[in-house]
Amino acid sequence: MPLQFELCPGRMIGGNHPCFIIAEIGQNHQGDIEIAKKMIKMAKDCGADCAKFQKSELEYKFSKQALNRPYNSVHSWGKTYGDHKRHLEFSHDQYRELKKYATETGIFLTASGMDEMAMEFLHELDVPFIKVASCDANNFPYLERTAKKGRPMVVSTGMQSMETIRRVYNTVKEHNKNFTLLQCTSAYPLDPKDVNLCVIKEYQKEFPDVPIGYSGHEQGIYISVAAVAMGAKVVERHVTLDKTGKGNDHAASLDPSELAEMVRAIRLVETAMGTPVKQMLPCEKTCHDKLGKSVVAKNAISKGEVLSLDMFAVKVGEPKGIAPENMQQLVGKKLKVDVEGDDSILADMIE
């Protein structure tokens, strides 16, 4: 399986392709489709590649008891947890409207399928890829059913062990070669000490044929940018229009200015990563011409005298002569001309 694949139509990830940036709207739209559209437009304007939501079929995701339990949080949109979730859940027609709006806006749209029926709807909706939330990373019937759909998959791995992620990898790969694993810690907001970016490197070693990414819930942008420097090929961050809004996710979300700055920083870091080939670059020529050092004669050397290291010094010479790293190659050779002390040793002076 290649390390790169087409995640969205015309958009490759992995290899040397740019990091794919997902703006996770989640349920920060407060159940208002017009706010959701503003957030899609914001994600596009800030440079994200994809706007993402969370789709649930509540009776399939939650038990009756879970839906009927009282929900007295300051973040509640209803007296029971079911009422709260129903307020935040868009209908199928609303999702079709949002997908149409995203297409017109010029940004990809998808969602986490938070249960098997939601995943089936997203497949019907023809989203470019299916996002698997961390809470389903150990739901192997769900993973297998999703993988068999043949759509690319992005799998977050919060709350899981390495042993479980090995099973995830094997389960998905058996049916679908086009997927990526995201290092994730499921806490909102996330304390930096619990981020564990080093897992990215472990995933890269353990799963060398899969692009690895990062789903972050920390505050600020620095850690996500660092993840890209470590090789993350996908970055997912929650976004909001108002961090003081009602809901648990706003505090762990980026506002528009932060999202735009993160995108700029990621693109800058990608440019700076450059090539692993170490060589003097054309941009260094001016500095080298001015300050690059050469081999010079420590004292006067007569024509025909056998050269030894103690005859040389290294200085900024004029004209520029033999490079210091080649000094050893002069030992035992002779000069064709007399040179004065402090004169540059030039290649055409050597017999």
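The model is predicted: local features need pLDDT of at least 70, side-chain atom pairs count only at pLDDT 80 or more, and totals for chains, interfaces and linings use all residues. Residues are numbered from 1 along each chain as its sequence is written, and side-chain values use heavy atoms, with hydrogens and water left out.

Helices (H or I, at least four residues) and strands (E, at least two) are DSSP runs, numbered from the N terminus. A residue is termed buried under 20% relative accessible area, exposed over 50%, and partly exposed in between (1.4 Å probe, protein chains only). Strand β10 spans residues 234-238, and five of its five residues are buried, so the strand is largely enclosed by the rest of the structure. In a regular strand the side chains alternate between the two faces of the sheet. Here V234, E236 and H238 lie on one side and V235 and R237 on the other, and both faces are covered.

Two strands pair if DSSP finds at least two bridges between them. Strand β3 (residues 20-26) runs parallel to β10 and is joined to it by five bridges; F20 has V234 as its bridge partner in β10. Strand β9 (residues 212-216) also runs parallel to β10, with three bridges, and S215 is partnered with E236. From β9 the chain passes through helix α10 (residues 222-229) to β10 in a right-handed β-α-β crossover (with the strands pointing away from the viewer, the path from the first strand over the helix to the second runs clockwise).

**Aromatic contacts**

Rings of Phe, Tyr and Trp (its six-membered ring) pair if their centres lie within 6.5 Å; planes under 30 degrees apart count as stacked, over 60 as edge-to-face and the rest as tilted. The count comes to 10 aromatic pairs. The rings of F20 and F129 have centres 6.0 Å apart and planes at 80 degrees, so this pair is edge-to-face. F20 belongs to β3 and F129 to the loop between α6 (116-125) and β6 (130-132), so the pair ties together parts 109 residues apart in sequence. Both residues are buried. Elsewhere, ring pairs link F53, F90, Y95 and F121 into a cluster.

**Cysteines**

The whole structure contains zero disulfides (pairs of cysteine sulfur atoms within 2.5 Å). For C184, the nearest cysteine sulfur is that of C135, 10 Å away; C184 is buried, with a relative accessible area of 5%.

**Salt bridges**

A salt bridge is a side-chain nitrogen of Lys or Arg within 4 Å of a carboxyl oxygen of Asp or Glu. The count comes to 30 salt bridges, including those tabulated here.

| Pair | Closest N to O distance |
|---|---|
| K41 and D45 | 2.9 Å |
| R145 and E116 | 2.6 Å |

K41 and D45 are four residues apart in helix α1 (residues 33-45), separated by about one helical turn. K41 is partly exposed at 36% relative accessibility, whereas D45 is exposed at 53%. The pair of E236 and K52 links strand β10 to strand β4 (residues 50-55), 184 residues apart. E236 is buried at 2% relative accessible area, and K52 is buried at 0%. Finally, R11, D49, R267 and E270 are linked in a network of salt bridges.
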